[in-house]
Amino acid sequence: MTAIQDRPVKSVVRQDPLSHARLPRWTPIAVAAGSIAAAIGLGLGAGWHSRLQWGLIAALLFVLGTYAVTSKVEGSRQAKDRVATSLVWVCFILAVVPLLSLAWTTISKGASVVDGYFLSHSMGGVLDADQGGGLYHALLGTIEQVAIATMIAAPIGLLTAVYLVEYGGGKLAQAVTFFVDVMTGIPSIVAGLFILATWNLMLGFGPSGFAGAMALAILMMPVVVRSTEEMLKLVPNELREASLALGIPKWRTILKVVLPTAIGGITTGVMLAVARITGETAPILLLVFGTKLINPNPFEGAQASLPLYVYEQYAVGTDAAMARAWGAALVLIAFVMILNLVARGIARWKAPKTGR
């Protein structure tokens, strides 16, 4: 008994089967830096001077390097997870880089032109090849045409979506859904030709901003219907049932419960549709014609538009015209950005308040 007690007790260290070696936090940064350096070296050695080629090579080396390092230290299972994360980051960067490049090019080439004079004067009395002139007439035309198109398309699209979600279910709803899907992919030139054939040729009206707004409304309507329909489907049915259980009519339930709950998404969808039509040129070229003078009346006479103004100035090709085209493109981007910021503010203001 004593001999047994005098034996030295060996300490047994149990290793957790779930624990394994971990790479430090700075490993992705180090792999990315090494991939960029290797891509630049390979590009220079092969005589490739395109930074796009260097970027693609760096992205490929980053994914391969991440898998190799992770599988060596953490195992193949964790390596697959890190490769998936790396692919997500690479795709994100590939999507953001062109946007940043476009924004930087537009700002760098258009910021020198945009000033108070450029925003408050038209091209009246100024030749396209000469210096001077502005885009006030085009900015005014774009604001009026987009506003009219929104007043036409937003109510129709909203009511159509309400019908499809709250009342539809038969063959009529299926037909409406089918035609909305067809209209989603309709080319802008087709919408312009439709208004040209009916409004201008059959009814005998001349070019005007209102004609262009009707074509833009056709393009805007399916986007509003689809976005509003999806937002209304996200409203919990319990809210509808609770309202109906109190004896409130269905139309009032939709007006006071369903729409306020989905107002944030609906507003965002409308703004997406506005951004979709703001840059359209083909219908405006067919129906509005464009002019160098200020025409505040969208229901009579030719009217200018920012996309058409950019196209016309770019077609001239002189340095002054190209500068005005870049300036107008910058103003157009800022216009869409302001609309989106306003939409986000309205959505946050009108969103239902949540509490604990």
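How many aromatic pairs does the structure hold? Let's work up to that and a few other points together.

This is a predicted model, in which local features need pLDDT of at least 70 and side-chain atom pairs count only at pLDDT 80 or more, while totals for chains, interfaces and linings use all residues. Residues are numbered from 1 along each chain as its sequence is written, and side-chain values use heavy atoms, with hydrogens and water left out.

**Exercise 1. Find the aromatic pairs, then describe the one formed by Phe210 and Phe299.**

Step 1. Rings of Phe, Tyr and Trp (its six-membered ring) pair if their centres lie within 6.5 Å; planes under 30 degrees apart are stacked, over 60 edge-to-face, and the rest tilted. The structure holds five such pairs.

Step 2. For Phe210 and Phe299, the ring centres are 5.3 Å apart and the planes meet at 40°, so this pair is tilted.

Step 3. Phe210 belongs to helix H9, and Phe299 to the loop between helix H12 (282-287) and helix H13 (306-316), so the pair ties together parts that are 89 residues apart in sequence. Helices here are DSSP runs of H or I with at least four residues, numbered from the N terminus.

Step 4. Buried means under 20% relative accessible area, exposed over 50%, and partly exposed in between (1.4 Å probe, protein chains only). Phe210, at 17%, is buried, whereas Phe299, at 56%, is exposed.

Step 5. Phe210 and Phe299 also form one aromatic cluster with Trp199 and Phe205.

**Exercise 2. Check the span of helix H9 (residues 209-233), then look for a bend.**

Step 1. The expected span is 1.5 Å times one less than the number of residues. For the 25 residues of H9 that should give 36 Å, and the end C-alpha atoms are 35 Å apart, which agrees.

Step 2. A bend is the angle between axes fitted to the seven residues ending at a residue and the seven starting there. H9 bends by about 30° at Met220, and a proline, Pro222, follows within four residues.

Step 3. Of the 25 residues of H9, 20 are buried, so the helix is largely enclosed by the rest of the structure.

Terms used
Helix = DSSP H or I, 4+ residues; strand = E, 2+ residues; numbered from the N terminus.
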